[in-house]
Amino acid sequence: MDKYDIKKLEQYDIEFVWHPFTQMKEYESKKPIIIERAEGVYLIDTEGRRYIDGVSSLWVNIHGHRVPEIDDAIKEQVQKVGHSTLLGITNPPAVELAKELIDICPSGLKKVFYSGDGASAVEVALKMAFQYWQHKGKPNKTKFVCLENGYHGDTIGAVSVGGIDLFHAAFKPLLFKTYKAPSYYCYRCPLGKTYPSCNIACSEEVGKILEKHHEEIAAVILEPYVQAAGGMIVSPPGYLRRVREYCDKYNVLLILDEVATGFGRTGKMFACQHEDVTPDILVLGKGMTGGYLPLSATITTQDIYDAFLGDYEEFKTFFHGHSYAGNPICCAAALGNLKAFKRYKTLEKLKEKIEFLEQELQEFRGLKHVGDVRNKGFMVGIELVEDKESKKPYPPGMKMGWRVAEFAMQEGVLIRPLGNVVVLMPPLGIPIEDLSKLVKVTYRAIKRATEGEV
Ligand SMILES: *Cc1c(COP(=O)(O)O)cnc(C)c1O
């Protein structure tokens, strides 16, 4: 730690770094938390303070930090080659990883296309779906159906199929038009209905759009089971299966964005496996390297892949690629991640932790300003409201979610809210004792922020 001059780091951070999704005016007025190292699920700052990584370093970490399987995989690969391109040639980790991904993916998915970030992999999915129909002799199928409150990343194509007004509004003139179906947001049902008597009417809205416009629709894109950035909104069971059926009926591709839900986060390796649904295109990212390095994948069926085969001069090639696609160090880290899943029986052990978590979360429902508590596996949203009866939200200016995060930080827990929704998304490898601490600290922080009590 003595290597660092902490005062200089603080000064240079403010002087030279522009942080993502951060109001820098506010950031500049505070002392930054500088994470220097980590142990298991604890992040440790330059002053030696320890924090539970309550949102998995923004939803990416899986087994905790400094996992021997991933550390070693990276070290070994570095001694061979740091990077070589996947354009026209290949490398061992990229090949092995593709094989292992296909083994764990829902059956029917056959081909792995690598990119770096989740948003890039979403762009790939959209362009593939678009070009697929061009090759299939249906050039009018160019439009996309997406959901209100959906989030697929911050590049222009990904924002176009997003449904979070706050992010959407600023860039509206740059975005392409889509068909928007309602969110599967039961607590604030956009159709004014109640589950289960609604018979999942929100899925029928997707069906209605397809019935009317399927001849010009290339694909439906959505986050299966949890709209993460939209506020950890959890779909009712059966929703996904219905949407799959509508896509089949109307000859429209289904793109599932599992960038957030993938790699065990919902309790199964992939969220679509809760309903035995296979998408035509599956998008993976975030947890793929266990939270170490940027790597994403767009995984497709044989049918989609085959539509791009042809003689060179037919120009059916998929004209898209990123410089670091299939980077061998990133792929080695991802292989280490999958090895750790097996070695630590991560998914098997998760069941008990989810049960514990769900039991602990019951307590929150009694809090005066907790309107809704929802989760699918290790993705938790606790929605704070000013008034429980009317579900009236806190005004944004009160920054209630942030106040909770601030109190939690004082007790050694790092979380990051989504507006009025307090988010918990710990690493899957978290020990029960730390999970218990995370929940208890969060409970106290909510009580303190909303009721002014300790
Ligand atoms: C985070 C996220 C993305 C974007 O991934 P980046 O790596 O941040 O570009 C896309 N889709 C979903 C569902 C996400 O949660």
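View 1. Grid points are joined across faces, edges and corners, and a volume is the space filled by probe spheres set on the points. The largest cavity is lined by 15 residues, and those nearest its centre are Cys186, Cys189, Lys193, Cys198 and Cys202; lining residues are those with an atom within 4 Å of a point. By class this lining holds 12 nonpolar, 2 polar and 1 charged residues, with Ala, Val, Leu, Ile, Met, Phe, Trp, Tyr, Cys and Pro counted as nonpolar, Asp, Glu, Lys and Arg as charged, and the others, Gly among them, as polar. Residues are numbered from 1 along each chain as its sequence is written, and side-chain values use heavy atoms, with hydrogens and water left out. Because the model is predicted, local features need pLDDT of at least 70 and side-chain atom pairs count only at pLDDT 80 or more, whereas totals for chains, interfaces and linings use all residues.

**View 2. The second largest cavity.** A search of the whole structure finds 3 cavities of 30 Å³ or more, and the second largest cavity has a volume of about 60 Å³. Among the residues that line the second largest cavity are Gly150, Tyr151, His152, Asp154, Phe167 and His168. Helices α7 (156–160) and α8 (165–170) are the elements that give two or more residues to this lining, helices being DSSP runs of H or I with at least four residues and strands runs of E with at least two, numbered from the N terminus. The lining of the second largest cavity has 5 nonpolar, 6 polar and 1 charged residues.

**View 3. The second largest pocket.** The second largest pocket has a volume of about 730 Å³, a pocket being an open set of points with protein on both sides within 12 Å along at least five of seven lines. Of the 21 residues that line the second largest pocket, Val112, Phe113, Met128, Tyr305 and Phe318 are the closest to its centre. Two or more residues of the lining come from each of β4 (109–115), β12 (296–301) and α11 (302–307), and β4 gives the most, with 5 residues. By class, the lining of the second largest pocket divides into 13 nonpolar, 6 polar and 2 charged residues.

**View 4. Helix α12 against helix α5.** The axes of α5 (residues 92–104) and α12 (residues 328–343) come within 8 Å and cross at roughly 40°; axes are lines fitted to C-alpha atoms, for helices over the stretch in contact, and angles run from 0 to 180 degrees between N-to-C directions. That makes α5 oblique to α12, since angles under 35 degrees count as roughly parallel, over 145 as roughly antiparallel, 65 to 115 as roughly perpendicular and the rest as oblique. The crossing of α5 and α12 is left-handed, the term for a near helix turned anticlockwise from the far one by less than a right angle, with right-handed used if the turn is clockwise. Residues in contact, with heavy atoms within 4.5 Å, include Leu97 and Ile104 of α5 and Leu335 and Leu338 of α12, and the contact of α5 with α12 divides into 10 nonpolar, no polar and 3 charged residues.

**View 5. Helix α12 against helix α4.** Helix α4 (residues 68–78) packs with α12 at an angle of about 150°, their axes lying 8 Å apart, and α4 and α12 are therefore roughly antiparallel to each other. Their crossing is right-handed, and the contact includes Ile70, Ala73 and Ile74 of α4 and Ile329, Ala332 and Ala333 of α12.

**View 6. Helices α14 and α15.** The axes of α14 (residues 400–410) and α15 (residues 432–451) come within 8 Å and cross at roughly 130°, so α14 and α15 are oblique to each other. The crossing of α14 and α15 is right-handed, and among the residues that meet are Met400 and Phe407 in α14 and Val441 and Ile446 in α15.

**View 7. The loop that holds Pro196.** Pro196 is placed in the loop between β6 (179–181) and α9 (201–213), and the peptide bond from Tyr195 to Pro196 is cis, with omega near 5°.

Conventions:
1 Å grid on protein atoms, 1.4 Å probe; cavity = no way out; pocket = protein on both sides within 12 Å on 5 of 7 lines; lining within 4 Å.
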